[in-house]
Amino acid sequence: MDWFKRKDKGIQTSTEDKKDTPRGLWYKTPSGKIIDTEELKRNLYVSPEDGYHVRIGSKHYFELFFDNNKFEELDANLTAKDPLKFEDTKKYPDRLKSAQEKTKLKDAIRTAIGKSLGKDIVIAAMDFAFIGGSMGSVVGEKIARAIDYAIKNELPFLMISKSGGARMMEASLSLMQMVKTSAKLAQLAESKLPYISLCTDPTTGGTTASYAMLGDINIAEPNALIAFAGPRVVKDTTGKDLPEGFQRSEFVLEHGFLDAIYERKELKKQVNLYIDLIQNIAVRAEA
């Protein structure tokens, strides 16, 4: 009998002998490239096949920037309230609780102090996984407190933005964070302390309209979406087709809103180089 002819109908493998294929072994980039997840991790979550920068959060940025991943988190337990008693498809406190349980984060940002290339730096890094990295009262307050810490201790400040914009569940309270953070950054500038702004995918809405574009140096990762309103909204509003790569970091750089674009592996060296140049001190070598 031919080997490909089935004698008995149906699958004959017993349940206990069936083997599941482990999940998460491969990652597919938007261009269709397939990468082993372990290789992706070793490459700082950048595809070696096409250079695609996978979205990462504060955990991985802290690992990237802080020497030996050693840092002290600031205001770690600050959480949002619900003064507006907001409710859409679910109550805001329930949405917060769900996001906290899913992400193991308190809100859409973490701030920390630690050494980068041997020099202390204050870093604020946003997490898109927490309600789309939306900017609410906690985000604004933690940025403000981190800047206060930098001013008090005369340290440079790095802001890593990754946000869908203002948090609608906090309405005008969310929009007030644009004013608060901008005012604090003005105080940082008066103290003559460096502020480096790193825009990652995506940096949109009120985040872009405030602190993300106020750096002494504004840089971005490759192909990051950087905009106030997203491409779909702009196209629907104007009724016109948009240029190729519209609102991606390369387009934004070309039109003068960024100073530079760096691959993730270059970020630590370049950020610290800018800090040394701004403070007019000896340039540190990367360890």
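Buried means under 20% relative accessible area, exposed means over 50%, and partly exposed lies in between, using a 1.4 Å probe and protein chains only. This is a predicted model, where local features need pLDDT of at least 70, side-chain atom pairs count only at pLDDT 80 or more, and totals for chains, interfaces and linings use all residues. Residues are numbered from 1 along each chain as its sequence is written, and side-chain values use heavy atoms, with hydrogens and water left out.

Start with Asn 218. Its relative accessible area is 7%, so Asn 218 is buried. Asn 218 sits in strand S8 (residues 217–220). Strands (E, at least two residues) and helices (H or I, at least four) are DSSP runs, numbered from the N terminus. A polar atom of the Asn 218 side chain lies 3.4 Å from the backbone oxygen of Met 213. Contact means heavy atoms within 4.5 Å. Beyond its neighbours within four places in sequence, Asn 218 is in contact with residues including Ser 197, Phe 257 and Asp 259.

Now take Ile 275, in helix H8 (residues 267–278). Its relative accessibility is 1%, so Ile 275 counts as buried. The C-alpha atoms of Ile 275 and Tyr 195 are separated by 8.1 Å, though the two residues are 80 apart along the chain.

**Strand S6**

Seven of the seven residues of strand S6 (residues 157–163) are buried, so S6 is largely enclosed by the rest of the structure. Phe 157, Met 159, Ser 161 and Ser 163 point one way. Leu 158, Ile 160 and Lys 162 point the other way. In a regular strand the side chains alternate between the two faces of the sheet. S6 pairs with strand S5 (residues 119–126) in the parallel sense, over four bridges. Two strands pair if DSSP finds at least two bridges between them. Ala 124 stands opposite Met 159 in S6.

**Two pockets**

A pocket is an open set of points on a 1 Å grid over the protein atoms alone, with protein on both sides within 12 Å along at least five of seven lines; lining residues have an atom within 4 Å of a point. A volume is the space filled by probe spheres set on the points, which are joined across faces, edges and corners.

| Pocket | Volume | Lining by class |
|---|---|---|
| Largest | about 230 Å³ | four nonpolar, four polar, five charged |

Ala, Val, Leu, Ile, Met, Phe, Trp, Tyr, Cys and Pro count as nonpolar, Asp, Glu, Lys and Arg as charged, and the others, Gly among them, as polar. Helix H2 (residues 58–65) gives the largest share of the largest pocket's lining, three residues. Met 213 is one of the residues that line the second largest pocket.

Definitions and conventions:
A polar contact is a pair of N or O atoms within 3.5 Å; within protein, one must be able to donate a hydrogen and the other to accept it, and residues adjacent in sequence count only if both atoms are side-chain atoms. On a 1 Å grid over the protein atoms alone, a cavity is a set of points where a 1.4 Å probe fits but cannot get out, and a pocket is an open set with protein on both sides within 12 Å along at least five of seven lines; lining residues have an atom within 4 Å of a point.
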